[in-house]
Amino acid sequence: MSIILRMSLVMNLLSLLLSTAIVYSNQSTMPLRSFKMSENVTYDCIDIHKQPGLNHPYLKTHKIQMKPSLSRPELKMRTEKNETSNQNKIGCPNGTVPILRSTKEFIINSQMFAENNFHMLSADSPGTHIAGVRSSSGPFRGVKAYFSAYKLNVGKDQVSYSQIYVGSGSGSQVNYISAGWTINPGLYGDQRVWTFGFWKGKDGKGCYNTACSGFVQVSKVVPIVQPNDLKPGVPGFLDYFIHQDKNTGNWWITRFSKGAPSVDIGYWPKELFNLLDNGANMAGVGGVVQASRSGSSPPMGNGNFPNGGRLDSAIFTNIEVLNSNYEQRKMNSFHVDYLVDSEKCYGLKVGKKGFFYKNPLGFYFNYGGPGGNSCGV
């Protein structure tokens with residue numbers, strides 16, 4: 001082998017090693033295993049104690065909580081059947097957790113979207129529209145709902161969410177946690193429906209998913225963020241539960257699945273917050289959209305107004321909260337605000353109570369609409 005050929009091989013090897021280091025440069029450790037889900041989506045199995053979420057300055061002495069202190073109620077009977085699970089299964093080795101591999105551009109975009117995130121304690125945000133319900137009769141220790149998602153045509157500078165959330169505010173300070181579905185081409189680079197988690201804490205800053213530090217991933221099979229390939233007109237469903245741990249004060253996100261054990265995905269440590277120590281003043285669920293710079297608003301829900309039957313538009317069912325004593329109650333056991341700020345483009349239709357029978361959908365509503373160019377500011 002000639003010297004030139006040997007040098008060429010060495011340089012190629014160094015280049016390969018360097019490129020690998022660049023790919024994983026946003027992680028604190030090299031992965032034990034990786035799962036490539038699609039062309040631009042790869043999960044790395046990172047040591048649970050070295051995951052990026054723990055790099056937050058408030059978590060220097062944080063001890064990982066491996067599961068909630070109390071078991072949570074399993075799913076009630078559902079009538080919908082299309083519960084969504086990722087077609088390509090992730091199964092990280094024991095002691096590791098799946099972290100979405102992120103580019104520097106993705107991390108920067110995540111921070112930008114976090115800074116501009118609209119939440120239900122925000123002042124009016126230009127171009128943002130909502131349809132949902134909330135209660136400000138807290139303190140609440142959690143919120144839970146079963147809700148649908150659909151494939152939609154959302155522009156690169158538009159966003160459409162379906163989410164559950166808790167929050168507290170005091171003066172200009174806000175603490176807030178949300179989780180659910182989103183279509184956000186500007187962040188994820190495609191029009192797929194993604195699960196997400198978001199938080200805003202005591203320093204006024206926050207983050208999506210695991211793009212920056214804060215959220216602690218615990219499940220080795222279900223990441224906080226993952227894409228779902230839905231067919232047009234065919235819904236996927238999530239049963240999500242944000243709840244505060246009774247012993248530690250951490251805020252967990254749990255996913256329920258019919259016929260399968262619940263999955264405690266992970267949690268937002270109590271150290272991130274200063275207004276959520278004793279529960280949240282507010283809890284809610286619903287749809288949120290953000291218009292493009294030109295003023296064009298994207299569709300919400302499945303793009304239909306809730307004028308027909310309950311299967312004709314997007315839906316939230318079994319909407320429940322944990323009260324201050326950690327007792328599970330229908331949200332409408334408390335005072336509830338019904339929120340629709342642009343009736344030209346979106347609607348809300350609350351389900352009827354069953355007076356002579358027990359409604360398996362509990363407290364529920366249909367919502368959504370097509371959006372458009374005349375939805376208002």
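A disulfide here is a pair of cysteine sulfur atoms within 2.5 Å. Keep that cut-off in mind, as the tour starts with the cysteines.

Before you click, note that this is a predicted model, where local features need pLDDT of at least 70, side-chain atom pairs count only at pLDDT 80 or more, and totals for chains, interfaces and linings use all residues. Residues are numbered from 1 along each chain as its sequence is written, and side-chain values use heavy atoms, with hydrogens and water left out.

**Stop 1: the cysteines**

The structure has three disulfides. Counting the bonded cysteines of the protein chain in sequence order, they pair 1-2, 3-4, 5-6.

Select C45 and C92 to begin; their sulfur atoms are 2.1 Å apart. Look along the S-S bond: the torsion is about -80 degrees, so this disulfide is left-handed. C45 sits in strand β2 (residues 41–47) and C92 in the loop between β2 and β3 (96–100), so the bond ties together parts 47 residues apart in sequence. Strands are DSSP runs of E with at least two residues, helices are runs of H or I with at least four, and both are numbered from the N terminus. C45 is buried at 0% relative accessible area, and C92 is buried at 3%. Buried means under 20% relative accessible area, exposed over 50%, and partly exposed in between, using a 1.4 Å probe and protein chains only.

Next, pick C207 and C212, whose sulfurs are 1.8 Å apart. The link of C207 and C212 is right-handed, with 130 degrees about the S-S bond. C207 is buried at 1%, and C212 also counts as buried, at 16%.

Now go to C345 and C375, joined S to S at 2.0 Å. This link is left-handed, with -100 degrees about the bond. It connects distant parts of the chain: C345 is in the loop between β18 (337–340) and β19 (347–350), while C375 is in the segment after β20 (365–368), 30 residues away. Both C345 and C375 are buried.

**Stop 2: the rings**

Switch to aromatics. The whole structure holds 15 aromatic pairs; rings of Phe, Tyr and Trp (its six-membered ring) pair if their centres lie within 6.5 Å, with planes under 30 degrees apart called stacked, over 60 edge-to-face, and the rest tilted.

Show F147 and F316, a stacked pair at 4.8 Å centre to centre with 10 degrees between the planes. F147 belongs to strand β5 (residues 142–149) and F316 to strand β16 (residues 314–322), 169 residues apart. Both F147 and F316 are buried.

Then try W252 and Y267. How are their planes arranged? The pair is tilted, with 40 degrees between the planes and 4.9 Å from centre to centre.

**Stop 3: charges over rings**

Find K144, which lies over the face of F256 at 4.7 Å from the ring centre. For a charge to sit over a ring, NZ of Lys or CZ of Arg must be within 6 Å of the ring centre and within 35 degrees of the ring normal. Then jump to K202: its charged end is over the ring of Y58, 4.7 Å from the centre.

**Last stop: S292**

S292 is buried, with a relative accessible area of 9%. Beyond neighbours within four places in sequence, S292 is in contact (heavy atoms within 4.5 Å) with D157 and Q158.
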